Amino acid sequence: MKEIKNEVKDNRVNILELAKDAKVIGISGHMRPDGDCVGSTLGLYLYLKKAVPKAKIVLYLEQPSDIFKDLKGYDEIQSDFDGDETYDLFFALDGEKSRLGGAEKYFDSAKVTVNIDHHISNRGSGKYNYVVPEASSASELVFDLMEEVYVDVDIAKAIYTGIIHDTGVFQYSNTAPKTLNIAAKLIAYGFDFSEIIDRTFYEKTYIQNQIMGRTLLESMLFMDGRCIVGMVDRKTMDFYGVEPKDLDGIVNQLRVIKGVDCAVFMYETDTLEYKVSMRSNDTVDVAKVAGFYGGGGHKKAAGCTVNGTFHDVINNLSQSIAMQMKAYDSKSMT
Ligand code: AMP
Ligand code: MN
Ligand code: MN
């Protein structure tokens with residue numbers, strides 16, 4: 001039987017113990033929030049509102065995609081970081097504090113901080129840290145720390161949404177027996193999970209499909225077809241009227257091309273600046289490649305922001321990727 005790796009119990013955080021005397025509690029997640037970030041933060045937000053009714057709970061996130069608008073609490077998300085409140089307790093989810101963007105200052109000034117994450121690159125940036133790289137998602141970890149008496153259908157929906165997004169609907173190798181056990185508990189609360197999967201994960205607008213099609217058409221294979229790169233520049237984003245969140249899913253489509261071991265997708269964020277997303281199989285540890293450029297993530301899915309022209313960026317990344325591929329090839333020959 002496969003070893004169940006994500007059964008880490010030693011550094012668990014007792015959320016309700018920390019929250020019991022707090023008057024104001026803040027929660028946030030990483031910039032450009034994805035499904036796991038939205039699901040885990042909303043799940044914790046709803047849970048704390050219920051379990052600690054005396055406290056004021058505030059959830060800060062950059063404006064998430066409206067595909068998540070049916071999750072309870074979505075309309076209460078604060079995307080304005082102008083205030084200067086001091087929090088008794090502040091949670092950073094699905095990333096280290098430096099990825100909180102505008103909400104980092106609340107984390108820095110909070111009396112007690114908690115960091116719950118599953119990124120291998122995160123060493124823990126809170127007073128209390130529950131960082132489990134083997135876990136499928138921050139949502140799984142947040143659920144793990146919840147007392148189930150307070151969990152209800154809305155919390156279950158948020159957590160479930162986060163898990164399906166980070167596991168590619170239970171497909172990626174971060175899916176463990178424990179992940180599925182949690183998912184089983186969640187769907188027992190009774191909600192239309194197949195609708196959530198379709199509407200938040202698979203459904204794309206016509207424009208999103210068009211820009212994905214165009215990116216695939218213009219993509220380039222390199223390293224004898226073992227790597228592929230796709231790119232969207234500012235001009236194209238403006239032409240289609242799309243935002244970064246409309247580009248979700250393109251890198252996964254590049255990844256499933258037969259023969260490709262490592263897929264790179266990048267879009268222009270500023271003059272000579274690109275956000276890079278990488279996906280791989282066992283051949284390349286993309287967290288290491290991203291880490292080299294100040295980013296991070298997981299072995300098979302990672303990201304970073306890199307400066308330079310498109311060609312500079314891809315030349316640099318391809319050197320790091322090639323080094324790892326060579327090492328992998330020589331190891332598998334011995
Ligand atoms: P992305 O390709 O942006 O979807 O990211 C893939 C994975 O790497 C996700 O788990 C991200 O949270 C993580 N990631 C992306 N960018 C960074 C970064 N700059 N630092 C740390 N982790 C990142
Ligand atoms: Mn995330
Ligand atoms: Mn995540």
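1. A word on terms first: helix axes here are lines fitted to C-alpha atoms over the stretch in contact, and angles run from 0 to 180 degrees between N-to-C directions. Helices (H or I, at least four residues) and strands (E, at least two) are DSSP runs, numbered from the N terminus. Please keep in mind that this is a predicted model, where local features need pLDDT of at least 70, side-chain atom pairs count only at pLDDT 80 or more, and totals for chains, interfaces and linings use all residues. Residues are numbered from 1 along each chain as its sequence is written, chains are lettered from A and ligands numbered from 1 in the order in which they are written, and side-chain values use heavy atoms, with hydrogens and water left out.

2. With that settled, have a look at α5 (residues 153–167) and α6 (residues 177–187), which pack at about 145° with axes 9 Å apart. On the α5 side, the contact (heavy atoms within 4.5 Å) is made by A156, I159, Y160, I163 and T167, and α6 brings T179, I182, A183, L186 and I187. Eight of these residues are nonpolar, two are polar and none is charged; Ala, Val, Leu, Ile, Met, Phe, Trp, Tyr, Cys and Pro count as nonpolar, Asp, Glu, Lys and Arg as charged, and the others, Gly among them, as polar.

3. Next, the metal site. Donors are N, O and S atoms within 2.8 Å of the metal (3.2 Å for Na, K and Ca), and sites may look incomplete, as water is not among the atoms. D94 also bridges to the manganese ion (ligand 3), the two ions lying 3.6 Å apart. H30 sits in the loop between β1 (24–29) and α2 (35–51), and D94 in the loop between β3 (89–93) and α3 (104–109), so the pair ties together parts 64 residues apart in sequence.

4. Buried means under 20%, exposed over 50%, and partly exposed in between (1.4 Å probe, protein chains only).

5. Finally, the interior. A nonpolar core is a set of buried Ala, Val, Leu, Ile, Met, Phe, Trp, Tyr and Cys residues joined through side-chain atoms within 4.5 Å. The largest one has 54 residues, and I15, I25, I27, L44, L48, F91 and I116 touch the most other members. Helix α2 gives the most, nine residues. Apart from this core lies another of 23 residues, including F222 and M266.
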